[in-house]
Amino acid sequence: MRKTTLWAVAAGIITLLLVLSLGVFKLVSSFHVTAAGRSQPQSSPAMAQPASVDPGAPLDNHPAPNFTLTNQFGQTVSLSDLRGKVVVMGFVNGAGNTVSPLMAVIMRNVRYDLGSHSSAVQFVAVNANPVATAVPSVYHWSQTYHMLHVWQFLTGSSSTLQTIWHHYFMQTNVIRGSLINHTPGVFVISPQGRESWVYLNSASPSDAAIGAQVHNILEHVIPLLPHHPSVGIPPARQLAFYPATLGPTGGVNRSFHLSAIMPGGASGSVTVGSGTPVRLIDFFATWCPDCQEEMPTLARLQEWHGSHPAFPQVVGVDLRMSQSSTSQVVAYANKLHLSFPIALDDHGNVADSYGVSGIPTQVLVSSAGNILWYHEGLISWTDLMQQIRTHLPRAG
């Protein structure tokens, strides 16, 4: 029975969530690179499940209760509108900075791992906060956690949301103000609109917990894809959840010289600071979906430099602690036709000196190796150019 299954899954952790929500209240999300273990085979039929990860439960293809809400762009969306796509639907706190950002990290990586098949999947967040229900709230949250154009973040009146929570057996408790705890349920719904699987998102920020949840969702989404394509589940990546930092500032010389992959794939080296022109350096990893999404913006800046030499050239810095394969970096650069060098930070010393806690991170560096501007996360072309003009006045 659907009701019995859902209550059995949910009831066991409600009390735990009440405790954990306060304990992790001050965390915020970002990607962070740690030592990677990539020895799992592509098929990866089973993986060790951390104790903090809920294995989920099947829902026997019961029809998913329909509802109509408003997305982050003010558009009306019904669940029935999404028929024909696999739906991955999570209950997300539109003012949360603990479990909900973890859910965003997981969904971004599921989307990335699906590759070209991601167009057959719709990611949905249903607001689980009865206080922060305004459309601008879910817009801002989606933008902050790099999900603005990745999912439909749906909200409505408190009473409408409560009806939906009831239908899906989710619970929410207001602690104070807009601070809540809630059942962090994630549903996989078939293209026919039937519930396939449900699990409860873990509050653990560990690499193992995040990687396991990405793996589990993929295992339940892939069999539902139209035409049953053969999609390999990648090895679990080392993804972690760390408090964000603003990065170092001031007049410290952070010049560096590293081996590099040059445009076209040749080996070379690159210097930042030490009297070289101002550079925009970008810390990234080949597995990071946000990093790949921003590459066209960086390539555009490199091209812009050709006709506007006052603007900085781009230097990518690949965080080698998460990807030790030089051939994979070369393949990545060639696939994306990158026109700027990629420095190889073999031991993470450069990333450490720049205080990198999340990727992508962009830093404008002076000829003396000083930080002129620092930003963590995706950035648009317009915002990037505005920041360069602000912090490099001669760039008109």
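## A walk through the model

Start by selecting V188, which lies in strand β9 (residues 185–189). Helices (H or I, at least four residues) and strands (E, at least two) are DSSP runs, numbered from the N terminus. Before going on, note that this is a predicted model, where local features need pLDDT of at least 70 and side-chain atom pairs count only at pLDDT 80 or more, while totals for chains, interfaces and linings use all residues. Residues are numbered from 1 along each chain as its sequence is written, and side-chain values use heavy atoms, with hydrogens and water left out.

**Stop 1: around V188**

Is V188 buried or exposed? Its relative accessible area is 0%, so V188 is buried. (Buried means under 20% relative accessible area, exposed over 50% and partly exposed in between, with a 1.4 Å probe and protein chains only.) Now show what V188 touches: leaving aside residues up to four places away in sequence, the contacts are V86, V87, R194, E195, S196, W197, H220, V221 and L224. Contact here means heavy atoms within 4.5 Å.

**Stop 2: aromatic rings**

A pair of aromatic rings is described by the distance of the centres and the angle of the planes. Rings of Phe, Tyr and Trp (its six-membered ring) pair if their centres lie within 6.5 Å; planes under 30 degrees apart count as stacked, over 60 as edge-to-face and the rest as tilted. The structure holds 15 aromatic pairs. For one of them, select W141 and W151: this pair is stacked, at 5.9 Å centre to centre with 20 degrees between the planes. It links distant parts of the chain, with W141 in helix α3 (residues 135–144) and W151 in strand β6 (residues 151–154), 10 residues apart.

W151 counts as buried because its relative accessibility is 3%, and F153 because its value is 0%. Then select F67, F91, Y168 and F187, which form one aromatic cluster.

**Stop 3: helix α9**

Finally, select helix α9 (residues 381–391), whose buried residues are W381, L384, M385 and I388. They cover an arc of only 95 degrees around the axis, so they sit on the same side of α9. This arc is that of the directions from the helix axis to the C-beta atoms. What covers these buried residues includes β13 (279–284), α6 (289–307) and β17 (371–376). Turn to the other side of α9, where T382 and T390 are exposed.
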